Amino acid sequence: MGWKVKCTSCGTERILNISFDIGRQKTIYIYCNVCKKNTFNEILGYVEEAK
């Protein structure tokens with residue numbers, strides 16, 4: 001479970017596991033492992049773990 005985010009620089013999508021609601025925001029500024037720097041990431045939505 002976590003938030004699906006997409007880097008606005010390189011387009012890499014990943015799951016961000018944080019304990020608070022970021023659904024009201026459009027972007028979040030975090031480190032991108034591909035770009036190797038802090039970038040803006042578009043928040044795509046909350047993802048539930050499939051059972």
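This is a predicted model: local features need pLDDT of at least 70, side-chain atom pairs count only at pLDDT 80 or more; totals for chains, interfaces and linings use all residues.
Q: How do I read side chains along a strand?
A: In a regular strand, side chains alternate between the two faces of the sheet. Keep that in mind as you step along a strand in the viewer.

Q: How many bridges join β1 to β4?
A: There are 6 bridges between β1, residues 2-7, and β4, residues 37-47. The two strands run antiparallel. Take two of the partners. K4 has G45 as its bridge partner in β4. C7 stands opposite N41, also in β4.

Q: How do β1 and β2 pair?
A: They pair in the antiparallel sense, over 4 bridges. V5 is one place to look: R14 in β2 stands opposite. The two strands form a hairpin, with 5 residues between them. In that turn, G11 has a positive phi of about 85 degrees.

Q: Are W3 and Y46 buried or partly exposed?
A: W3 has a relative accessible area of 10%, so W3 is buried. Y46 is partly exposed, at 43% relative accessibility.

Q: Why is the pair of Y29 and F40 called tilted?
A: Look at the angle. The planes stand at 50 degrees, so the pair is tilted; the ring centres are 4.8 Å apart. Y29 lies in strand β3 and F40 in strand β4, so the pair ties together parts 11 residues apart in sequence. F40 counts as partly exposed because its relative accessibility is 45%.

Q: How many salt bridges are counted, and which side chains meet?
A: The count comes to 1 salt bridge. The side chains of K4 and E13 meet there, at 3.2 Å from N to O. K4 has a relative accessible area of 30%, so K4 is partly exposed. E13 is partly exposed too, at 42% relative accessibility.

Q: Where is N41, and is N41 buried or exposed?
A: N41 sits in strand β4. Its relative accessible area is 3%, so N41 is buried.

Q: Which backbone atoms lie by the polar side-chain atoms of N41?
A: Take the nitrogen, then the oxygen. The backbone nitrogen of C7 lies 3.3 Å from a polar atom of the N41 side chain. The backbone oxygen of T39 lies 3.1 Å from a polar atom of that side chain.

Q: Which residues does N41 touch, beyond those up to four places away in sequence?
A: Among them are V5, K6, C7 and T8. Others include K26, T27, I28 and I30.

Q: Where is T8, and what does its side chain reach?
A: T8 is in the loop between β1 and β2. Its side chain reaches the backbone oxygen of F40, at 2.8 Å. Beyond its neighbours within four places in sequence, T8 is in contact with F40, N41 and E42. Now compare chain and space. T8 and N41 are 33 residues apart along the chain, with 5.5 Å between their C-alpha atoms.

Q: Where is Q25, and which backbone oxygen does its side chain reach?
A: Q25 is in the loop between β2 and β3. Its side chain reaches the backbone oxygen of T27 at 3.2 Å. Q25 is partly exposed, with a relative accessible area of 39%. From Q25 to V47 is 22 residues in sequence and 16 Å in space, C-alpha to C-alpha.

Definitions and conventions. Residues are numbered from 1 along each chain as its sequence is written. Side-chain values use heavy atoms; hydrogens and water are left out. Two strands pair if DSSP finds at least two bridges between them. Contact means heavy atoms within 4.5 Å. A polar contact is a pair of N or O atoms within 3.5 Å; within protein, one must be able to donate a hydrogen and the other to accept it, and residues adjacent in sequence count only if both atoms are side-chain atoms. Buried means under 20% relative accessible area, exposed over 50%, partly exposed in between (1.4 Å probe, protein chains only). Rings of Phe, Tyr and Trp (its six-membered ring) pair if their centres lie within 6.5 Å; planes under 30 degrees apart count as stacked, over 60 as edge-to-face and the rest as tilted. A salt bridge is a side-chain nitrogen of Lys or Arg within 4 Å of a carboxyl oxygen of Asp or Glu.
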